[in-house]
Amino acid sequence: MELGLIGLGKMGGNMRERIRRAGHTVIGYDRNPDLADVDSVEQLVAKLEAPRVVWVMVPAGGPTQETVEHLAELLAPGDVVVDGGNSRWTDDVKHAELLAEKGIGFVDCGVSGGVWGLENGYALMYGGDAAHVAKVQPVFDALKPEGDFGSVHAGKVGAGHFAKMVHNGIEYAMMQAFAEGWELLEAAPEVTDVREVFRSWQEGTVIRSWLLDLAVRALDDDEHLAKLKGWAADSGEGRWTVEAAIDHAVPLPAITASLFARFASRQDDSPQMKMIAALRNQFGGHAVESK
């Protein structure tokens, strides 16, 4: 089939290549002309035969909103737009309604796989009407990993990005657990080779995983992570996961704590710890450190 792909960054560029390797035609547009196959979104749409499928792979929020609105003016009834970025699921409903007014279908797709997806395949979680999903199915089949698993029609519009959001929330908590365990091992004088302890867990343990494999790769590059600053950003999906948990009254203590740990990482001199130190000094006479 033919596919229009808007956004050819680290994810989009590799996705284009994997889809082409499966024998499909991909016409890609990016603001960087060195990456693009065409000079504009208008040219991209013009080169596709109807009914068209256009996959949007741009940052969530304003860029995705602008792209969807632009496509709503260019596409025709029977065409389908896929949002494969990390959009909030509530935006999907608005985008689907906007496009439906023009007779254009909409599918939201959470994509996981990062820079490894080109070779290993991408885990895909998509939402939308079955008829719209069917028009994109050959591309989903091209992108997914080999085998029976790795893709799912999660439900109606918004379900794909909601599922990907929860996936990323779980990822936050798993990474936090590995990080805490690593710090404790580094702090214990009895343990003399933390990196090899992590490596030993890669086979036969209940915590063996791709994240553990990546942790070992990182330690191979920098055994004590001495080159790194203890600062970690959050993409927004961790926050959305916690907000959704509040809306549904679902307790997520581990995921919530892992998100807050990201915030704590950005404080070189934590105001909260100042108050804790002051209180410990007041009630117990515990020592405090001055700048």
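Reply: Helix α1 (residues 10-21) packs against helix α6 (residues 130-143) at an angle of about 100°, and their axes are 9 Å apart. Axes here are lines fitted to C-alpha atoms, for helices over the stretch in contact, with angles running from 0 to 180 degrees between N-to-C directions. Helices (H or I, at least four residues) and strands (E, at least two) are DSSP runs, numbered from the N terminus. The angle makes α1 roughly perpendicular to α6; angles of 65 to 115 degrees count as roughly perpendicular, under 35 as roughly parallel, over 145 as roughly antiparallel, and the rest as oblique. Met-15, Arg-18 and Ile-19 of α1 make the contact with Val-139, Ala-142 and Leu-143 of α6, where contact means heavy atoms within 4.5 Å. By class, these residues are 5 nonpolar, no polar and 1 charged. Ala, Val, Leu, Ile, Met, Phe, Trp, Tyr, Cys and Pro count as nonpolar, Asp, Glu, Lys and Arg as charged, and the others, Gly among them, as polar.

The model is predicted: local features need pLDDT of at least 70 and side-chain atom pairs count only at pLDDT 80 or more, while totals for chains, interfaces and linings use all residues. Residues are numbered from 1 along each chain as its sequence is written, and side-chain values use heavy atoms, with hydrogens and water left out.

Next come α3 and α4. The axes of helix α3 (residues 62-74) and helix α4 (residues 89-100) cross at roughly 15° and come within 10 Å. That makes α3 roughly parallel to α4. The crossing of α3 past α4 is right-handed; a crossing is left-handed if the near helix is turned anticlockwise from the far one by less than a right angle, and right-handed if clockwise. On α3 the contact is made by Thr-64, Gln-65, Val-68, Glu-69 and Ala-72, and on α4 by His-95, Leu-98 and Leu-99. This contact of α3 with α4 has 4 nonpolar, 3 polar and 1 charged residues.

A further pair is α10 and helix α11 (residues 253-264), whose axes come within 10 Å and cross at roughly 140°. The two helices, α10 and α11, are therefore oblique to each other. In this case α10 passes α11 in a left-handed crossing. Gly-238, Arg-239, Thr-241 and Val-242 in α10 meet Ile-255, Thr-256, Leu-259 and Phe-263 in α11.

Now the domains. The domain assignment, which is automatic or from a database, gives domain 1 (2-156) and domain 2 (165-271). Their C-alpha centres lie 31 Å apart. Domain 1 brings 7 residues to the contact and domain 2 brings 9 residues. About 750 Å² is buried between domain 1 and domain 2, with carbon and sulfur atoms giving 63% of it; buried area is the accessible area (1.4 Å probe) that two parts lose on being put together, summed over both. Of the area that domain 1 buries against domain 2, Arg-88, Trp-89 and Trp-116 supply 63%, more than any other three residues.

Two loops remain. Pro-51 is in the loop between α2 (41-47) and β3 (53-56), and the peptide bond from Ala-50 to Pro-51 is cis, with omega near -5°. Leu-225, in the loop between α9 (210-221) and α10 (237-248), has phi near 55°, a positive value in a residue other than glycine.
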